Amino acid sequence: TVIGPLLTLILADSRRMVLHVMPSALLDMSRGVLRRCFTCALFPKRVYTLSFDRSVEDSAELADKLHAKLETAARERGVTCATPEAIKSLMLKFVEQLHSIQQADPQVLEPTGSLRMNR
């Protein structure tokens, strides 16, 4: 309840995101502590929650939304809370997508001379 908010104040800048990872049972309590610390007028910060599951559909729109959310958290010097399960699921989904790209036919990925053929 002291170290997390203090580290957030020290480390949060517009170039990197501060991520607090805690067990699922402590997520609500930890978010509450961070929100109480950062709702004051001296150090206002938004507290974001990263929730992710591998069963989410493969969608570029969802990936863009997640990227935008995390980028906004970093740019606004906010703090993001997550569970180890969410981080693991995100990393496994990333590796799964990399594997899918690696297994894809390169001819499909190469641009052609015609814009009509690129669709």
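**Confidence, strand pairing and two contrasting residues**

Confidence in the chain is lowest in helix α5 (residues 106–109), with a mean pLDDT of 70, and highest in strand β3, at 95. The model is a predicted one, and the pLDDT averages 87 over the chain, with 91% of the residues scoring at least 70. Where pLDDT is low, the predicted coordinates should not be read in detail.

Strand β3, where confidence is highest, spans residues 79–82 and pairs with β1 in the parallel sense over four bridges. Within this pairing, C81 of β3 stands opposite H20. H20 belongs to β1 (residues 18–21), where the side chains alternate.

Next comes a lysine in a helix. K93 sits in α4, which covers residues 84–103. Its relative accessible area is 9%, so K93 counts as buried, the cut-off being under 20%. Apart from neighbours within four places in sequence, K93 is in contact with F52, R54, V56 and D58.

L42 lies in the loop that joins α2 (27–38) to β2 (47–50). L42 has a relative accessible area of 72% and is therefore exposed, since exposed means over 50%. L42 is also one of the residues that make a nonpolar surface patch of about 880 Å².

Methods:
Residues are numbered from 1 along each chain as its sequence is written. This is a predicted model: local features need pLDDT of at least 70, side-chain atom pairs count only at pLDDT 80 or more; totals for chains, interfaces and linings use all residues. Side-chain values use heavy atoms; hydrogens and water are left out. Patches are made of residues with over 30% relative accessible area and no salt bridge: like charges are joined within 9 Å, nonpolar side chains (Val, Leu, Ile, Met, Phe, Trp, Tyr) within 5 Å. Accessible areas come from the Shrake-Rupley method with a 1.4 Å probe; for residues, only the protein chains shown count as cover. A salt bridge is a side-chain nitrogen of Lys or Arg within 4 Å of a carboxyl oxygen of Asp or Glu. Buried means under 20% relative accessible area, exposed over 50%, partly exposed in between (1.4 Å probe, protein chains only). Contact means heavy atoms within 4.5 Å. Two strands pair if DSSP finds at least two bridges between them. pLDDT is the predictor's confidence in each residue, from 0 to 100.
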